[in-house]
Amino acid sequence: MKNMQTRVFVMHTTTPLASQIFLKAKEAGMMGEGYVWIVTTSIMNLFYSLNSSVQESMQGVLGVKPLVPGSSKLNSTTIRLKKKFADDHPNSTDPSPERNLYGLWAYDTLWALAMAAEKNEFREQSSFLQNISALNSTNVFTTGTSQRGSKLLKAVLDTNFVGLAGNFNLVNGQLNSSSFQILNIDGQELRPVGTWTPLLQSSSQRNGNKTGFSGDKLDIITWPGNSRNVPKGWEVSPSGKKLKVGVPAVAGFPEFVNTTNAANITGLYIELFESVMAALPYTVQYGYELFEISNASSAGSYDSFSYQVFHGKYDAVVGDITITAKRSEYLDFTLPIDQGGITMIKKIQHDVKTNDKKFFVKPLRKQLWLTAIALFIFTGIALWILEHRFNKDFRGPPSEHLGLIFYIPFMSLVYSNRERIVSNLARLVLVVWVFVVLILNSTYTASLSARFTIDKLSQNADIDVNALISNGDYVGCREGSFVVDFLKGLGFHESMIKEYKSGEDFHNALSKDEIKVMFTRTPYANLFLSKYCKNKTYMRVGSPYITEGVAFVFPKGSPLVADVSRTIIKLTDDHNISKIYKDWIKPTCKEYNPSEDSWNRVDLKSFTLLFAITGGITGTCLVVFLVSYLYNNRDFVRRISNSGTTTWSKLRAIFKHFDQRDPKSFRSKQEGENAPPNLNVRSTADQETPSENAASHPSNSVQPESIRVV
């Protein structure tokens, strides 16, 4: 029993035999921590009758016993029995015996028999059918068959009452199941830790004796060895020998397996293995051994490493071992702990693509273009509003107004607009707009130039494996990895395959063009690209080849495989594996993706503050101008607002008034001194509309349509 892997034993035997087994188990060291012993009712009922040495050897044992509900009848009967024992044994030094379940059952059975006899009025001596064979027998205890025995038996079976041991009810000739106590042997006492009770079921349901646990949870149990830790119930190495777990002496990246300190091996896969072992429902003792030779280098390929498990050198293997069909013929793998796949990585090839139809708009992003156009139109409208009443260059028919709105801001791009700006507010708006134009123009020119002068990564990042083979290009892979055989299967000649040990070796080989493409496991590729991404030197190409993932290795038929796989699933569902992965694999920078290249495209965020200032200043100038206009023409506005016309008519009157030129701005010095006040001058240089002439008669400005040009 000691050499068995299980550490849980259920004992259902007689009390004398159980006493001997527990004494021997204690001598063999099987009553210590990690063991579980469970005994049945027959042993627990007679526990108090066992001697002290047997009770001492049974410490931490669990057992079940029918529950005897407390009652006043039971207490009074117990007191009377103890008093009778003391009267019958006045000179006895032994303590009065504890009440025994068998004695309570016997008491209830005799009581049931008496009740049945009384019920059937069995007061006179019953007649018996004499057995003929008994007449010639010398056995004085041979009796006949009672003629009324069947009636008595039926009466006993039908008897139902509450006795000392609880409800007395016979079902199919047996006492109906009652609740059971779960008891823990602690010292010389039986300590209750829980109760099992029959589940309430209707008579139509089958299995009426089904039971269930009653209560929230069991009380604290003291296990063998005086331990409060719940035993796992299983021992992989019963003899106490630790599992020998092989670890590769040299791994590709120390983040996965780090054997720099042989006394303290670390890494992602090491921590995952330790977490899984700790989560198993039983204890597994193990120790690591490096797979190496005398010069401390790798002792061979991963296939030969795996063969050591098959030959019995190791009990398990932990590391970057990929599941393959060849290895699975002589080994058992657990469920994968890391993703599979083979990824291709190459050095970035550059070219310049300037024949795109939308090449000229690429320097700025769409949002920036739209915002700049909106600000462009807004500035044009603001300049027209600020200059229309004061500047003859902003006068003319409506068709010219629309042209000026787009013309003035656009000509500011090349700083060549010939129109004079006469108002200070418009000058402020134009100065700010020219500053914005200067920044936008410089940014656009720099970004557009960069697209010509700086190499643009080619979008065609695919790799044709057949072309690599036909061109005789060298490819690289991890030394000793299954990828070597994989590349040979693709058609690469062995002489064209170069093997490297570490990520630094791959970096040197790719940067010096020793190899065209690097083939490696996808987890290695992810870490490699995250480490060497600062200078945008490498990128993954093509679609990954599908392979199985990384797993733990055990001998064929090992019972640990199924349990470890289930534990991996549990840890995955609990997100523990992903947490461990994030603790070890920490990218130094984001992997370079050419489709997300944004160095040559300016975003709206870069101009948010500048546009906000420009819009704020332009808007403020408009507000100041409109407030000034309304204040200076407050009498006119008041008359219009108090008139009884419609709202639309009021707005038209205000618009017509605004469309008139300001007489102070258009009156020259000579006109101001000599021209009569009621004279309207019409020059060929300034072709005014009738609405413009009305500005010279402010007193009649309410009805501009009555003015005639002379």
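1. Over which residues, 667-710 or others, does the pLDDT stay under 50, and how many contacts beyond four places in sequence does the model have there? The stretch is residues 667-710, with 41 such contacts; a contact means heavy atoms within 4.5 Å. pLDDT is the predictor's confidence in each residue, from 0 to 100. Where pLDDT is low, the predicted coordinates should not be read in detail.

2. This is a predicted model, in which local features need pLDDT of at least 70 and side-chain atom pairs count only at pLDDT 80 or more, while totals for chains, interfaces and linings use all residues. Residues are numbered from 1 along each chain as its sequence is written, and side-chain values use heavy atoms, with hydrogens and water left out.

3. Mean pLDDT for the protein chain is 77, and 75% of its residues reach 70 or more. Confidence is highest in strand 2, at 94, and lowest in helix 25 (residues 690-693), at a mean of 39. The pLDDT is also below 50 over residues 201-209, a stretch with six contacts in the model beyond near neighbours in sequence.

4. The protein chain has 25 helices and 23 strands. These are DSSP runs numbered from the N terminus (helices H or I, at least four residues; strands E, at least two). Of the contacts with a separation of 6 or more, 72% are between residues 24 or more positions apart.

5. Of the 710 residues in the protein chain, 38% are buried. Buried means under 20% relative accessible area, exposed over 50%, and partly exposed in between (1.4 Å probe, protein chains only). The chain exposes about 40,500 Å², of which carbon and sulfur atoms supply 56%; the areas come from the Shrake-Rupley method with a 1.4 Å probe, and for residues only the protein chains shown count as cover.

6. The largest nonpolar core has 47 residues, and Tyr269, Phe528, Phe552 and Val564 have the most contacts inside it. Such a core is a set of buried Ala, Val, Leu, Ile, Met, Phe, Trp, Tyr and Cys residues joined through side-chain atoms within 4.5 Å. Elements that each supply at least two residues include strand 12 (243-248), helix 16 (503-511) and helix 18 (560-573). Helix 8 gives the largest share, seven residues. Another core, of 30 residues, lies apart from this one, with Leu364, Leu375, Ile405 and Phe607 among its members.

7. Beyond four places in sequence, the residues that Phe552 touches include Tyr269, Leu272, Phe273 and Val276, as well as Val564 and Ile568.

8. The structure holds 28 aromatic pairs. Rings of Phe, Tyr and Trp (its six-membered ring) pair if their centres lie within 6.5 Å; planes under 30 degrees apart count as stacked, over 60 as edge-to-face and the rest as tilted. Phe273 and Tyr286 are edge-to-face because their planes are at 75 degrees, with the centres 5.2 Å apart. Phe273 lies in helix 8 and Tyr286 in strand 13 (residues 286-291), so the pair ties together parts 13 residues apart in sequence. Phe273 is buried, at a relative accessible area of 1%, whereas Tyr286 is partly exposed, at 22%. Phe9, Phe22, Tyr35 and Trp37 form one aromatic cluster.

9. Lys73 lies over the face of Trp111, 5.2 Å from the ring centre, and the charged end of Arg521 sits over the ring of Tyr524, 4.9 Å from its centre. The criterion is NZ of Lys or CZ of Arg within 6 Å of the ring centre and within 35 degrees of the ring normal.

10. Thr40 lies in the loop between strand 2 (36-39) and helix 2 (41-45). Thr40 is buried, with a relative accessible area of 18%. Leaving aside neighbours within four places in sequence, Thr40 is in contact with Met11, His12 and Val64.
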